[in-house]
Amino acid sequence: MIPSLLAEIERDMTPEAGAAFMIIASEYLARSRDAGEFVGTSRTPQQLAENFRESLPQEGRALTEVVERVARDVIPDSTWLYHPHYLGHQVSAPLPAAIWMESVIAALNNSMTVFEMSPVATVIEKQVVRWMCDLAGFPAEAGGTLTSGGTEATFTALLAARAAALPHAWERGVGNEPPVIVCGEHAHYAVTRAAGQLGLGTQSIVVIPSREYRMDAPALAQRLRELRESAVTVMAVVATAASTATGSFDDLEAIGQLCDQHGVWLHVDGAHGASALLSPAHRHHMRGIARARSIAWDPHKMMLLPLSAGMLLMRDEKDLDAAFTQRAPYIFRDGEDERSWDQGMRSFLCSRRTDVLKMWVALHRYGATGIGALYEHLCTTTRTLHAAVAESEAFEAMHEPESNILCFRYVGRRVLKDTQLDSLNRELRVRYNASGAGWITTTLLGERLALRATVMNPRTDAGHVNAVLDGIAGLGRSLERSGQPHS
Ligand SMILES: Cc1ncc(COP(=O)(O)O)c(C=O)c1O
């Protein structure tokens, strides 16, 4: 069996075999240009599962058969993020050069744990992290690591903050009176999750209310004073730039000044919005970022890289070294020069993909200026959507967009009560997405159910966002007329 298997493997390494996968991927990229195609599947999980209910394949098949199966059963019912009416969650329509680089990353399969396993990718990661630290205004001693995403980046930053506040927590735990983490009411769940993971407990989260969806800085000032007076240790303040629900930026300058005054670690969750640093027109939203001691920044969001590519930047790389106090002599060795290059000591993961390579390729192919211009373009399209919502009698915008996210509501003839509109908008999203004509999300803002559009696809233009709005309005009218489900 082995000789024939080895021959098959060799055949699968040929350009023709590789091209078979690239062809179906590029056919998807071409077909998804057509706004008349379906954005997502209308099938239920049970119907989809039916397609894949099969016994474990014991014998291999011809590559062409496998590729055909992917084209037939995987691509059509997946969510088409490159469809111009996809305005859903914050996952990007990825830049093509980075898509193709994925196959090189997988072919090389180097692991970022130790320099000797990924010599080129390790030095490239250092370089790319340095570029990003420069954009944030961080000093020479700054550093960082790529992560699987914003959740891991924020977890790691808070682990480093824990090491600063409780240097013995790694060995002894956090004790009975753990320090607190302060964040805004619209912070991502990554923050409470980290509090749980770090042994602080989610009850050690102190929530600051928002004003216009941003952390209320005077309320933060007051709370920090109260905590100091009660002798409670604040492990970190987490500011959000920009928030998941509305894409609003906390005032980093004001929050940073308060953290400096109180000697508190400032972590900025810039998973979504730190890419504004690449855009001259949007950089001002990040004013004050250099005051952060750590920054989470997801290139797989607004830098339009394919999943996954997250990043953690530290103002002082030594803080990251202190986060993980790990001894593992089979992999990490003391006293060697190369060791200072090993990224595994600074990461939650052991095996780690060389995701930085696709980021480096994207920066070389499109330039920081090009990627910054795309950021701006996504935000401009969102403003166009906002203008259309503001002009329409049938809709109400719930905020001004500061980035590429807009929350709004269908209000129709304005005769329904708020709670009825909540039910109607919830149902509207379900039916609109099931129609395949477009794809949006919902969120809760205060008590109210909001429709939420996020422009993550550079193909989406003014015509597309107007078509999405018309589609939602049409469905909204028929739901309102039918009296369901809000009666
Ligand atoms: C502000 C913010 N932080 C963190 C995250 C989590 O990022 P990831 O999904 O890359 O872990 C998100 C994702 O939506 C986010 O919007």
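Asp-316 counts as partly exposed, because 16 C-beta neighbours lie inside 10 Å. The scale is simple: a residue with 20 or more other C-beta atoms within 10 Å of its own is buried, one with 12 or fewer is exposed, and partly exposed is what falls in between, with C-beta atoms placed from the backbone. Asp-316 sits in the loop between β9 (310-314) and α12 (317-323). Helices (H or I, at least four residues) and strands (E, at least two) are DSSP runs, numbered from the N terminus. Leaving out residues up to four places away in sequence, Asp-316 touches Glu-141 and Ala-142. Contact here requires C-beta atoms, placed from the backbone, within 7 Å. Asp-316 and Asp-251 are 65 residues apart in sequence, and their C-alpha atoms are 22 Å apart in space.

The model is predicted: local features need pLDDT of at least 70, side-chain atom pairs count only at pLDDT 80 or more, and totals for chains, interfaces and linings use all residues. Residues are numbered from 1 along each chain as its sequence is written.

**Overall build**

The protein chain has 15 helices and 13 strands. Its radius of gyration is 24 Å, close to the 23 Å that the globule rule gives for 487 residues, so the chain is as compact as a globular protein of that length. The radius is taken over C-alpha atoms, and the rule is 2.2 Å times the number of residues to the power 0.38. Along the principal axes, the C-alpha atoms fill a box of roughly 70 × 65 × 45 Å. Buried residues make up 45% of the 487 residues. Among contacts between residues at least 6 apart in sequence, 75% join residues at least 24 apart.

**Core**

The largest nonpolar core has 127 residues. Such a core is a set of buried Ala, Val, Leu, Ile, Met, Phe, Trp, Tyr and Cys residues joined through C-beta atoms within 7 Å. Helix α13 (residues 356-391) gives the largest share of this core, 14 residues. The residues with the most contacts inside the core are Ile-181, Val-237, Ile-255 and Leu-313. Ile-255 touches Met-215, Ala-217, Leu-220, Val-237, Ala-239, Asp-250 and Leu-266, again not counting residues up to four places away in sequence. In soluble globular proteins, nonpolar side chains tend to be buried together.

Helix α13 also holds Ala-390. Ala-390 is exposed, with 12 other C-beta atoms within 10 Å. The C-alpha atoms of Ala-390 and Phe-408 are separated by 9.5 Å, at 18 residues apart along the chain.

**Helix α9**

Which residues of helix α9 (residues 189-197) are buried? They are Ala-190, Val-191, Ala-194 and Ala-195. These four cover an arc of only 140 degrees around the axis, which puts them on the same side of α9. The arc is that of the directions from the helix axis to the C-beta atoms. An α-helix has 3.6 residues a turn, so residues three or four places apart point the same way. The cover over the buried residues of α9 includes α7 (150-165), β2 (180-184), β3 (205-208), β6 (234-240) and β7 (266-270). Just after α9, Gly-199 takes a positive phi of about 80 degrees.

**Ligand shell**

There are 13 residues around the ligand, and Gly-149, Gly-150, Thr-151, His-188 and Ala-271 come nearest. A residue is near a molecule if its C-beta atom, placed from the backbone, lies within 6 Å of it. The shell divides into 2 nonpolar, 9 polar and 2 charged residues. Ala, Val, Leu, Ile, Met, Phe, Trp, Tyr, Cys and Pro count as nonpolar, Asp, Glu, Lys and Arg as charged, and the others, Gly among them, as polar.

**Backbone and loops**

| Site | Feature | Value |
|---|---|---|
| Ala-241 and Ala-242 | cis peptide bond | omega about 5 degrees |
| Leu-307 to Ser-308 | cis peptide bond | omega near -10 degrees |
| Leu-304 | positive phi, not a glycine | phi about 60 degrees |
| Arg-414 | positive phi, not a glycine | phi near 60 degrees |

Ala-242 is in the loop between β6 and α11 (252-262). Ser-308 lies in the loop between β8 (294-297) and β9. Leu-304 is also found between β8 and β9. Is Leu-304 buried or exposed? Leu-304 counts as buried, with 24 C-beta neighbours inside 10 Å. Arg-414 lies in the loop between β11 (405-410) and α14 (418-435). With 9 C-beta neighbours inside 10 Å, Arg-414 counts as exposed.

Terms used:
Two residues are in contact if their C-beta atoms, placed from the backbone, lie within 7 Å.
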